[in-house]
Amino acid sequence: MMASSDVDIRGSLFSDQNPSEMDALCPSPPGPSRPQRHYERIGSRTGTSICQTLIHLLKGNIGTGLLGLPLAVKNAGLVLGPVSLLCMGIIAVHCMRLLVKCSHHLSAKVNRPSLTYGEAVQYGMENVPWLRRHSQWGKRTVNLFLIITQLGFCCVYFVFLSDNVKQVVEAANATTFSCQVNHTNQTQILVKSFDSRLYMLCFLPAIILLVFTPNLKYLAPLSLVANLVMTASLILIYFYSLTNISYPISLPKVGRAKDYPLFFGTAIFAFEGIGVVLPLENKMQRPQSFTLVLYLGMGIVTFLYISLGTIGYMCFGDQIGGSITLNLPNCWTYQAVKLLYCFGIFITFALQFYVPAEILIPPVVARVPERWETAVDLLLRTVLVIFTCALAILIPELDLVISLVGSVSSSFLALIFPPLLQIIAFHTEGLSPLVTAKNVVISLVGLVGFLTGTYIAIEEIINRNAEKHQETFSSYMVQ
């Protein structure tokens with residue numbers, strides 16, 4: 001039985017149920033929730049099918065992180081990189097399974113039909129006497145990292161959009177219909193244009209208007225189109241990379257030890273789909289089938305990550321960019337690929353923004369007079385978007401932003417919290433020492449990745465900014 005510390009603190013910024021983008025595009029149908037003990041929908045309630053859940057799981061894990069994996073493989077090495085991605089994929093899927101298992105156990109214990117990630121941590125802490133009085137902080141901590149992660153994704157999207165559109169504009173005069181092998185392994189820049197940070201400012205008004213959408217269900221048709229064009233773009237990227245690998249391959253099998261933390265950050269950023277696991281499982285028509293969906297979906301995701309990361313690095317070698325799209329040739333087909341993928345990322349921005357907006361904004365709006373609610377809501381949305389744009393402008397390096405976001409927040413949500421949650425949720429059930437040791441090791445791996453990945457990413461950001469300032473100063477002195 002849970003303690004009385006589960007008090008009503010509505011109005012707190014971190015007390016609401018954790019939303020996900022799936023809540024917006026796939027709201028739960030009306031009707032009674034399933035009792036945990038029966039583990040199935042009851043009455044006339046319908047939920048998502050196995051196929052629909054699989055598609056949502058794939059969509060929740062495939063994004064800009066996939067396009068940055070060739071550089072991640074470069075940082076780890078041609079052999080160590082794919083092996084590490086496989087190991088990380090296995091650990092990430094195991095942690096997702098742990099989260100679902102703990103959610104089932106705790107929801108049955110508190111007689112709740114389902115739990116969010118934050119609620120699972122909260123009730124898990126209430127299961128331990130000396131953590132019980134601080135259980136609300138467990139939920140708030142998870143919500144905080146969800147906010148950091150989702151806003152981090154939004155920062156990455158700003159940098160991705162600006163880098164790719166800037167490259168298309170700069171190469172426009174030389175774009176042809178011939179997609180020959182680009183031996184420089186980089187899209188040729190014929191006409192210098194504005195700094196990428198100015199492109200971010202150009203996108204800012206459009207993105208602000210996008211997040212003003214009152215209900216994300218209105219974006220569902222555009223989201224479907226975005227998914228289709230991103231899928232087509234990935235197929236073309238695979239085709240180009242596979243057909244333009246140069247032999248013999250003389251790339252290092254193991255990368256520099258200093259660069260491995262950058263690999264960790266990028267890889268865990270790509271695998272950080274744990275935030276959609278519980279919402280998807282809770283909305284399934286047959287939740288008992290979710291384990292099958294999880295293993296199948298994440299198996300596909302892991303295969304895509306390893307294959308594109310390895311093939312992309314083999315194709316472009318040491319010149320691989322922060323996103324593989326930045327290495328595509330100057331022909332209309334692959335310039336269109338960049339623009340189509342940018343369209344998909346633009347629409348996805350609203351979905352990623354939904355999570356922090358729904359956690360942060362409603363408690364503030366609830367404190368203002370009714371006639372000001374809409375104005376305050378829109379103002380706060382604008383401020384949040386400007387905040388993410390400002391962060392992107394401060395760190396306009398796509399690869400380092402991805403690695404930093406992955407190291408700082410994704411490592412906690414995907415690797416550190418789930419094993420610790422199993423320890424506290426089942427500590428009265430008699431966990432074996434082997435299971436406890438395994439969970440501690442996984443959490444320590446996540447913690448070491450967080451510390452080293454964050455340090456190296458920040459160090460590289462400082463070094464690159466110093467180099468840019470030096471180049472600017474030198475060109476000024478020459479003039």
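1. In which loop is the place of Pro-248? Pro-248 lies in the loop between helix 9 (220-243) and helix 10 (260-271); helices here are DSSP runs (H or I, at least four residues) numbered from the N terminus. The peptide bond from Tyr-247 to Pro-248 is cis, with omega near -5 degrees.

2. On the basis of this note: the model is predicted, with local features requiring pLDDT of at least 70 and side-chain atom pairs counting only at pLDDT 80 or more, while totals for chains, interfaces and linings use all residues. Residues are numbered from 1 along each chain as its sequence is written, and side-chain values use heavy atoms, with hydrogens and water left out.

3. Asn-111 is placed in the loop between helix 5 (80-109) and helix 6 (117-126). Its phi is near 60 degrees, a positive value in a residue other than glycine. Asn-111 has 66% relative accessibility and therefore counts as exposed (over 50% relative accessible area, 1.4 Å probe, protein chains only).

4. The axes of helix 9 and helix 13 (residues 332-365) come within 8 Å and cross at roughly 140 degrees; axes are lines fitted to C-alpha atoms over the stretch in contact, and angles run from 0 to 180 degrees between N-to-C directions.

5. The contact (heavy atoms within 4.5 Å) includes Leu-222, Val-229 and Tyr-240 of helix 9 and Tyr-334, Gly-344 and Leu-351 of helix 13. By class, this contact has 18 nonpolar, five polar and no charged residues; Gly counts as polar, and Tyr as nonpolar.

Definitions and conventions: Helices (H or I, at least four residues) and strands (E, at least two) are DSSP runs, numbered from the N terminus. Buried means under 20% relative accessible area, exposed over 50%, partly exposed in between (1.4 Å probe, protein chains only).
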